Structures are given as C-alpha cells and as structure tokens.
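Let us walk through a protein model step by step. Keep the 3D view open as you read.

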Amino acid sequence: MRILIVEDEKALADIIKKGLIEEGYAVDVAYNGEDGLFMAENEPSDLIVLDIILPIIDGTTILKRIRKAGVKTPVLMLTAKDTIMDKVSGLDSGADDYLTKPFLFEELLARIRALLRRNSEVKTSSVEVGDLIINMATHEVKRGGKDILLSAREYALLEYMALNRNKALSRALLTEHIYNEDFDLDSNIIDVFINRIRNKIDRGFNVKLIHTVRGAGYMLKV
Ligand code: CA
C-alpha cells in the first residue's frame, strides 16, 4: 500500500514516514501544498494524509480540487485545531477522516488501517483467501493453520494482492504500490518476490493461490 503524506512540518512528516515504512507501507512526502496537489493527482496512492495549513495551497483546497478531478483516494486530514467548523468544512470538501494534532503514531496507524479497509472489499482486520489467513493488525500469515514467515516486503506484496484478490495485477502496478524508491525499478524484481512468496505459501499445497496471468501479471485467488 502506498501512502502520500502532505505535511509542511518536516520533523513530523519524517517521523510519520519512518513509522509507516517500518509497518511495510511505501511512502511519498510532499512538504508544501503545490507538490502535494501534484502528487495527489499523479502518484498512485492508496491513501493521503493531508495537513490543512500548508504553504502555497492549503489542504482543504487540495482536497476540493482532487475530488473535483475525480480522485477517490481516501483522505485523512490533520488539523491543529479541534474545532467543529474545521471538521465540517473538511468533511464537506470530501475528507474521509480527521485527526487532531498532537496525536500518537499508533492512533494515526489505526485510522490509516481502518480507511484502507473501508476502501477495499475487506472489512475486518484479517483477509482470507481460501485457507490463507493474513492478519493485517499483527502481520501474521497462516496457511492451513501453519505459520508462514515473510519479510516486510514479501508481506507488503502479499497483503496488497490479498486486498485486491481475484484481480490481475501488473508488475508495474505491484512495484508502484510496494516500493518507496522513486527511481524506475526493474519490475522484474516483482518476479523474484513472487517466487519467494510462492515457495512459502503454495509449496506443498495442492491448491495454488498465486496465479500467473499471461501478459498481465499476477493474481491471488483460490
Ligand atoms: Ca501545517
């Protein structure tokens, strides 16, 4: 899952970024409203954390513009003031949730998980694909009752595929939603990760869950 943070307080933005990367998310950061608007419209984000008071273009304006442009990405707004007017105007502009500063990182993380779940077909903290169970709160993965150990990146890839199960996902799309790095990665790296995950979740099982879709990419399905 790829998250865009639009926050001009660099120290806060960097703490959030570091924490989210440790949780396995790919993270982009914009430190002003102009960059934030551009990235919100052009980067393939799964969620946007948007501060209200920003240089150049404020958060409420960014939100109105991206919603008008048809961007449906869930938006979690950050506000310094816990006032009713701020909440009303933000929710009117199309925000999905609110968090008042200062907040604990754990609370931000819980809100982010809730919004990502709300936006996917999966409504609980665990996703099941056949006998594969992925607990998104603890990152524990089991197949047929057996614990499966995955690296942070393998987990991130599998979770993204599980949240988009039964859909063919291209290597380019998977790369965009898993990697932090901005440079163009060789998307064949995805093949390497898919092979590792296959070895861990499919080997020894009659029913394979990871399918290669010719000319399209990969799909997780029963
Ligand atoms: Ca600010």
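At what angle do the axes of helix α6 and helix α8 cross? This is a predicted model, in which local features need pLDDT of at least 70 and side-chain atom pairs count only at pLDDT 80 or more, while totals for chains, interfaces and linings use all residues. Residues are numbered from 1 along each chain as its sequence is written, and side-chain values use heavy atoms, leaving out hydrogens and water.

Find α6 at residues 152-163 and α8 at residues 189-201. Their axes come within 10 Å and cross at roughly 85°. That makes α6 roughly perpendicular to α8 (65 to 115 degrees). Helices here are DSSP runs of H or I, at least four residues, numbered from the N terminus. Axes are lines fitted to C-alpha atoms over the stretch in contact, and angles run from 0 to 180 degrees between N-to-C directions.

Contact means heavy atoms within 4.5 Å. From α6, Leu-157 and Leu-158 are among the residues that meet α8, where Phe-193 and Ile-201 are among the partners. The contact holds eight nonpolar residues, no polar ones and four charged ones.

Now look at the largest nonpolar core, which has 48 residues. Such a core is a set of buried Ala, Val, Leu, Ile, Met, Phe, Trp, Tyr and Cys residues joined through side-chain atoms within 4.5 Å. Buried means under 20% relative accessible area (1.4 Å probe, protein chains only). Leu-157 and Ile-201 are among those with the most contacts inside this core. Its largest share, eight residues, comes from α6.

Conventions
Helix = DSSP H or I, 4+ residues; strand = E, 2+ residues; numbered from the N terminus. Parallel < 35°, antiparallel > 145°, perpendicular 65-115°, else oblique. Nonpolar A, V, L, I, M, F, W, Y, C, P; charged D, E, K, R; others polar. Buried < 20%, exposed > 50% of the residue type's maximum accessible area, 1.4 Å probe, protein only.
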